[in-house]
2 protein chains.
Amino acid sequence: MATTKIGIIGLGLMGGSLSIALQETSDSFYFIGLDHNKRHCSEALELGLVNEVVLTLDEISQCDIIILTIPVNGIINISKQFKDLDPKCTIIDFGSTKEKISNVIPKKIRENFVAAHPMTGTEKFGPSAAISDLYTDKVVVLCDMEKSGEHQQNVAKKLFSDIKMQLVFMDAKEHDRHAAFISHMPHAVSYAIANAVMKQEEATSIVALAAGGFKDMSRIAKSSPNMWEDIFKQNKSNLLEAIDSFQDELKKCQKMVEKEEWETLNNWMAEANTLHDIL
Amino acid sequence: MATTKIGIIGLGLMGGSLSIALQETSDSFYFIGLDHNKRHCSEALELGLVNEVVLTLDEISQCDIIILTIPVNGIINISKQFKDLDPKCTIIDFGSTKEKISNVIPKKIRENFVAAHPMTGTEKFGPSAAISDLYTDKVVVLCDMEKSGEHQQNVAKKLFSDIKMQLVFMDAKEHDRHAAFISHMPHAVSYAIANAVMKQEEATSIVALAAGGFKDMSRIAKSSPNMWEDIFKQNKSNLLEAIDSFQDELKKCQKMVEKEEWETLNNWMAEANTLHDIL
């Protein structure tokens, strides 16, 4: 089988886990990595996540498939620097927001480009966080696919199917609104819970009592500030709207407790239970 | 070895899991169950969680140890109905709030009584939710122990140590304030996240994108409204204070996003990361 050259720009959890997952489907891949963090480059080589690392975008531009697993602002910056791509080259970005990316990709490479958002991750980062089943059975949202070339659409669909992801198609605008509710607002909430507890005088003795519920609610408050600053930047208006909707609900709860409207509170909790009929 | 009779009032997740855990430490226990839910009684018998079920408090009052694994208002009500307890009888309540319980237990049985809060649980309920390791390596908070008899203190300490819990001693007032931050406020937040999403027109397609982060943040929104109504009632002022602290933090986040103060936002997220140095 001919070797497929895969370039991975951004050697962290997402890029590293993709390499592991692809290596499990076939041995015909050759992985070329690029990352401005030199420690991540040497770790990725040691862990066998890439076959070689390069220093410039030109050296990775000859790959059949180029994966962008870097923060969203980085994706936008780097997409402006590609020159002379082969018409068969497929670039897939894994950014968590999609509208701005989908709209600012330079016209000359827009058909090479596929805007994807694999709905998966952990709070860990760096190549050593890479795991083999990060993508297995998870959803990947493919956005504005009509803007990608037919070849590129097929390459992306095959790649995500091969690593056993469930494909969902959506326009980028709709994706960003949904992602604000399902992912970005919950991150803001988790950071706020962590900070609310840390501000208490007795933070240490409070945290000593933590059980599974608190650990779950604060887990994603471990996430990388650089990555999430970027996502909040890119999805500002949808995020603010989702935070507003959340605050409306929490204020309702607060009022019912203040006014001791226990029956209404019980109904409100029972409504929340219904989420799990569709989750 | 002489048989120790253990009465369990409330045959659900907590009571059922306790029976399994105790049966793993010794075969000298005889379990007597009481629950107004007849289906739970027959399920608990079928699952071997209890040896027999009884219908009245009198029939369970002869036990050596009586465990109250019912909602907090139920604990308060039932504690007023005990008559003529043996001075060696130990009653342990597992309620999630402690100050009101600790203060309203009738004087004549106060020494029989131990106010405990095992910091564990799942979002599931009923006897079929019982699991063997619910208590293993978890924290149990024992409150106002100086109000319990010496015998009762020793019985409770032995019981929780036998099922491998980590014992923490605290006054009931302090417990309730801590529990509001570590457990009760996060529950209100999780219910609010679930309701914010369910109120959206496209709730189903939003939820279709859910990954681990959202699942974690909404898991405890599955919890029983009856149980949580009761806890919110009992711990009203601490809960409202914890919600206020949380809202202060979320409002900070909201303002930083609105005003595009990205560096300050990044620092705020990095502060939240520090929770995990002590968790």
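**Group meeting: a predicted two-chain model**

Let me start inside one helix. The buried residues of α12(B) are Asn238(B), Leu239(B), Ala242(B), Ile243(B), Phe246(B), Glu249(B), Leu250(B), Cys253(B), Met256(B) and Val257(B). Please keep in mind that this is a predicted model.

What do those residues pack against? They meet elements of both chains. From chain A come α7 (172–198), α10 (225–234) and α11 (236–258). From chain B come α8 (172–198), α11 (225–234) and α13 (262–273). The helix itself covers residues 236–258 of chain B, 23 residues in total. From first C-alpha to last, α12(B) reaches 32 Å. That is close to the 33 Å expected at 1.5 Å a residue. After α12(B) comes Glu260(B), with a positive phi near 55 degrees.

Now the contact between the chains. How many residues of chain A are in contact with chain B? The number is 77, and they meet 76 residues of chain B. Several elements of chain A each supply at least two residues to that side, among them β7, α8 (203–207), α9 (212–219) and α12 (262–273). Which one gives the most? That is α7(A), with 18 residues. By type, the chain A side divides into 47 nonpolar, 19 polar and eleven charged residues. The predictor gives the complex an ipTM of 0.90 and a pTM of 0.89.

Next, chain A as a whole. Chain A has 13 helices and eight strands. Its C-alpha atoms fill a box of roughly 70 × 40 × 30 Å, taken along the principal axes. Of its 279 residues, 51% count as buried. Take the contacts in chain A between residues at least 6 apart in sequence: 74% of them join residues at least 24 apart. The average pLDDT of chain A is 96, and 100% of the residues score at least 70.

How is chain A divided? The domain assignment gives domain 1 (4–170) and domain 2 (175–278). The C-alpha centres of these two domains of chain A lie 30 Å apart. Across the boundary, 14 residues of domain 1 of chain A are in contact with 16 residues of domain 2 of chain A. On the domain 1 side, α4 (72–79), α5 (99–104) and β7 (139–143) of chain A give two or more residues each. That side holds six nonpolar, four polar and four charged residues.

On to the sheet. Chain A has an open sheet of eight strands with mixed pairing. The order is β3-β2-β1-β4-β5-β6-β7-β8. Which strands are at the edges? They are β3 (52–53) and β8 (166–170) of chain A, each pairing on one side only. Strands of a sheet pair through backbone hydrogen bonds, either parallel or antiparallel. Look at β6 (113–118) of chain A: this strand pairs with β7(A) in the antiparallel sense, over four bridges. Within that pair, Ala115(A) has Cys143(A) of β7(A) as its bridge partner.

One more helix: α1 of chain A, residues 13–25. α1(A) has 13 residues and reaches 19 Å, close to the expected 18 Å. Its buried residues include Leu13(A), Met14(A), Gly15(A), Gly16(A), Leu18(A) and Leu22(A). What do the buried residues of α1(A) pack against? Their partners are β1 (4–9), β2 (29–34), α2 (38–46) and β4 (65–68) of chain A.

So much for the tour. Two helices to revisit on screen: α12(B), whose buried residues pack against both chains, and α1(A), whose buried residues pack against elements of chain A.

Technical notes:
Residues are numbered from 1 along each chain as its sequence is written. Chains are lettered from A and ligands numbered from 1 in the order in which they are written. This is a predicted model: local features need pLDDT of at least 70, side-chain atom pairs count only at pLDDT 80 or more; totals for chains, interfaces and linings use all residues. The expected span of a helix is 1.5 Å times one less than its number of residues. A residue is buried if 20 or more other C-beta atoms lie within 10 Å of its own, exposed if 12 or fewer, and partly exposed in between; C-beta atoms are placed from the backbone. Two residues are in contact if their C-beta atoms, placed from the backbone, lie within 7 Å. Domain bounds come from an automatic or database domain assignment. Ala, Val, Leu, Ile, Met, Phe, Trp, Tyr, Cys and Pro count as nonpolar, Asp, Glu, Lys and Arg as charged, and the others, Gly among them, as polar. Two strands pair if DSSP finds at least two bridges between them. pLDDT is the predictor's confidence in each residue, from 0 to 100.
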